[in-house]
Amino acid sequence: MKKNSKNIWNYTLMLLITVLTLGPFLITLFMSLKSSGQGIYDGLLPTDPTLANFFTAFKKANLGTYFLNTIIVTAIAIPLNLLFCSLAAYPLARMDFKGRSVVLALIISTMMVPFQLYMAPLFQLSGQLGLQNTHIGLIIMQVSTAFGIFLMRQAYLRIPKELEESAYLDGANKFKVWYMVALPLVKPTLVTLAIFTFMGTWGDYLWPLLNTTESNMYTLSIGLAQLSQNFDGSNLKLISAASILTTIPTLLIFIWLQKYFISGATDGAVKG
């Protein structure tokens, strides 16, 4: 009896968490499907579902250009982030050099500094280097992250040293050991980092807002903000439709790679 009661509470709690998590998304989806003849407060469910809001939002908000900019930035940022974070993390995990702990502490400490504290000098530096209103200026913030370096370091620590030592005995240098032995063994963590980088880049708002002044360089997050400026009942339906369109790629990527995500996110949870 106690076990059944405990299960009921567990299922109730999980159901509540599911509702709280999916609720806002479902409300936005229902809003985007409402026709022009239905008011935004006329019931939760659409009485006459239509996809017209999606086509109107795509055309009115110039989402095609924003999608293209976001895809370019994300597609370049992800492999660069994986490369540089992997390269930076391996010496911190496997190579003994003076000041290694200090370097690691400095990298981790940057995770505690809010972006708002150093965005002004970054903006000034971006202007001096001519990176404003360029894809490179948007990409450079995602090329390497302290979180990515720390995540990859923890994954490398899980690799048995015997595998690397046997590679050294076969005549491999450090780069070959990293590329041919260590990197394939941390594939789940690489996928996890790719997902985090994708979400961070795809949904980034503050830096694109600061670094872009021309509409042809806006990303999706800026486009949604521009669409929401003229707020009225019909526009809320368009905003909801545009929000769903921008969310779909993230959902598809996560569903596609979810089998790697959990194992990669827990890499290094035991060994630090």
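User: In this predicted model, does Asn133 count as buried or exposed?

Analyst: Asn133 is found in the loop between α5 (115-128) and α6 (135-139). The cut-off for a buried residue is under 20% relative accessible area. Asn133 has 17% relative accessibility and therefore counts as buried.

User: Near what value is phi of Asn133?

Analyst: Asn133 belongs to the loop that joins α5 to α6. Its phi is positive, in a residue other than glycine. The value is near 60°.

User: What secondary structure does the chain contain?

Analyst: From the N terminus on, the elements run α-α-α-α-α-α-α-α-α-α-α-α-α. The C-alpha trace spans about 75 × 70 × 35 Å along its principal axes. The secondary structure comes to 13 helices and zero strands.

User: What percentage of the residues of the chain count as buried?

Analyst: A residue is counted as buried when its relative accessible area is under 20%. The chain has 272 residues, and the buried share of them is 38%.

User: Among contacts between residues at least 6 apart in sequence, what percentage join residues at least 24 apart?

Analyst: Contact here means heavy atoms within 4.5 Å. For the contacts in the chain between residues at least 6 apart, the share that joins residues at least 24 apart is 72%.

User: How are α3 and α7 oriented to each other?

Analyst: Helix α3 (residues 63-94) packs on helix α7 (residues 146-156) with the axes 8 Å apart and at an angle of about 50°. α3 passes α7 in a right-handed crossing. An angle from 35 to 65 degrees falls between the roughly parallel and the roughly perpendicular ranges. The two helices, α3 and α7, are therefore oblique to each other.

User: Which residues of α7 make the contact with α3?

Analyst: From α3, the contact is made by Cys85, Ser86, Ala88, Ala89, Tyr90, Leu92, Ala93 and Arg94. By class, the contact of α3 with α7 has nine nonpolar, two polar and two charged residues. On the α7 side, the residues are Gly148, Ile149, Met152, Arg153 and Tyr156.

User: Which residues of α7 are buried?

Analyst: Helix α7 is mostly covered, with nine of its eleven residues buried. These buried residues are Ala146, Gly148, Ile149, Leu151, Met152, Arg153, Gln154, Ala155 and Tyr156.

User: How are α3 and α9 oriented to each other?

Analyst: α3 and helix α9 (residues 174-185) pack with their axes 11 Å apart, at an angle of about 115°. Their crossing is right-handed. Angles of 65 to 115 degrees count as roughly perpendicular. α3 and α9 are therefore roughly perpendicular to each other.

User: How many nonpolar, polar and charged residues does the contact of α3 with α9 have?

Analyst: α3 contributes Leu83, Ser86, Leu87 and Tyr90 to this contact, and α9 contributes Lys174, Val177, Trp178, Ala182 and Leu183. By class, the residues of the contact of α3 with α9 divide into seven nonpolar, one polar and one charged.

User: Against which helices do the buried residues of α9 pack?

Analyst: The buried residues of α9 are Val177, Trp178, Val181, Ala182 and Leu183. They pack against α3, α7, α8 (161-169) and α10.

User: How far does α10 reach from its first C-alpha to its last?

Analyst: Helix α10 (residues 187-202) has 16 residues. At 1.5 Å a residue, the expected span is 22 Å. The reach computed for α10 is close to this, at 22 Å.

User: Does Phe196 count as buried, partly exposed or exposed?

Analyst: Phe196 has its place in helix α10. The buried residues of this helix include Ile195 and Thr197. With 32% relative accessibility, Phe196 counts as partly exposed.

User: What distance separates the C-alpha atoms of Phe196 and Phe147?

Analyst: Phe196 lies in helix α10. Along the chain, Phe196 and Phe147 are 49 residues apart. Their C-alpha atoms are separated by 9.6 Å.

User: What is the relative accessible area of Ser32?

Analyst: Ser32 is found in helix α1 (residues 2-32). Leaving aside neighbours within four places in sequence, Ser32 is in contact with Thr50, Asn53, Phe54, Lys237, Ser240, Ala241 and Ile244. Ser32 is buried, with a relative accessible area of 0%.

Technical notes. Residues numbered from 1 in each chain as written. Predicted model: local features only at pLDDT ≥ 70, side-chain atom pairs only at ≥ 80, totals over all residues. Heavy atoms only, no water. Axes fitted to C-alpha atoms, helices over the stretch in contact; angles between N-to-C directions. Helix = DSSP H or I, 4+ residues; strand = E, 2+ residues; numbered from the N terminus. Parallel < 35°, antiparallel > 145°, perpendicular 65-115°, else oblique. Left-handed = near helix turned anticlockwise from the far one by under 90°. Nonpolar A, V, L, I, M, F, W, Y, C, P; charged D, E, K, R; others polar. Expected span 1.5 Å × (residues − 1). Buried < 20%, exposed > 50% of the residue type's maximum accessible area, 1.4 Å probe, protein only.
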